[in-house]
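Biologist: Could you walk me through this one, please? I would like to take the contacts and the strands one at a time.

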Amino acid sequence: MSERPVVLVCDDESQILRALRVILRDAGFEALPADNGEQALDLAAVHAPDAAILDLVLPDLDGVELCRRLREWSRMPIIVLSAVGEEDAKVNALAAGADDYVTKPFSPRELIARLQAVLRRSVSEPEDAVIRADGLEVDLAGRVVRRDGVEVHLTPTEFDLLRVLATNRGRLVTYRELLSTVWGPGYSDDMQVLRGHVANLRRKIEPENEPPRYVKTDPWVGYRFAA
């Protein structure tokens, strides 16, 4: 990561785009602005930014599709901006590969806190263990997951969820504990984002058309890695 992390920002409202550039600059980031999805894709390909902040409503393609297309080749952390009432769009964006979301109107402090959190989660950790269970292999040092020998592409947040669960194999990890560990203490009640990411993780690692083999739910309490 560069000394001043580069953040791709995409919003078709010029006022918000200007505000994002100022907020990021004041927080020690360099903004890479785009006012439509196609321009954002081009900039991402050329400059390889460290993270992205994307509006869900764009003039050419929506933020969900933009997330999906970025995730075809990039693992950079993605935060989406959504208006109040766009709950389905938030869930769809998480399913398409977004790591977090911020609701408009947003607090600059909240936005920067969430950006710093997703960037922290995307940095490789100095671990060397490999966890193997029922055909699933979790390489903690390389942040690589394989199922039956085939690599499974996870977002940084999805990997961190799996890491916490797998390193606590068999133990119930409460919703609050997962949120606090992966997102930070300030997000201990954000159940919507947790459920969305767990659903994405299961879709990628669990066998199709079968009950969950790896990530089990303890209703109303939490999850456990049960393999």
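Modeller: Let me begin with a side chain: that of R143 reaches the backbone oxygen of P156 at 3.4 Å. A polar contact here is a pair of N or O atoms within 3.5 Å, where, within protein, one must be able to donate a hydrogen and the other to accept it, and residues adjacent in sequence count only if both atoms are side-chain atoms. This is a predicted model, in which local features need pLDDT of at least 70 and side-chain atom pairs count only at pLDDT 80 or more, while totals for chains, interfaces and linings use all residues. Residues are numbered from 1 along each chain as its sequence is written, and side-chain values use heavy atoms, with hydrogens and water left out.

Biologist: Where is R143 found, between which strands?

Modeller: R143 is in the loop between β7 (136-139) and β8 (144-147); helices (H or I, at least four residues) and strands (E, at least two) are DSSP runs, numbered from the N terminus.

Biologist: And is R143 buried or exposed?

Modeller: R143 is buried, because its relative accessible area is 10%, and buried means under 20%, exposed over 50%, and partly exposed in between (1.4 Å probe, protein chains only).

Biologist: Switching to the sheet, what is the order of its strands?

Modeller: The open sheet of five strands has the order β2-β1-β3-β4-β5, with parallel pairing, and two strands pair if DSSP finds at least two bridges between them. The edge strands are β2 (30-34) and β5, each of which pairs on one side only.

Biologist: How many residues of β4 are buried?

Modeller: Five of the six residues in strand β4 (residues 78-83) are buried, which leaves this strand mostly covered.

Biologist: Which strands does β4 pair with?

Modeller: Strand β4 pairs in the parallel sense with β3 (residues 51-55) over four bridges, and with β5 (residues 100-104), also in the parallel sense, over five bridges.
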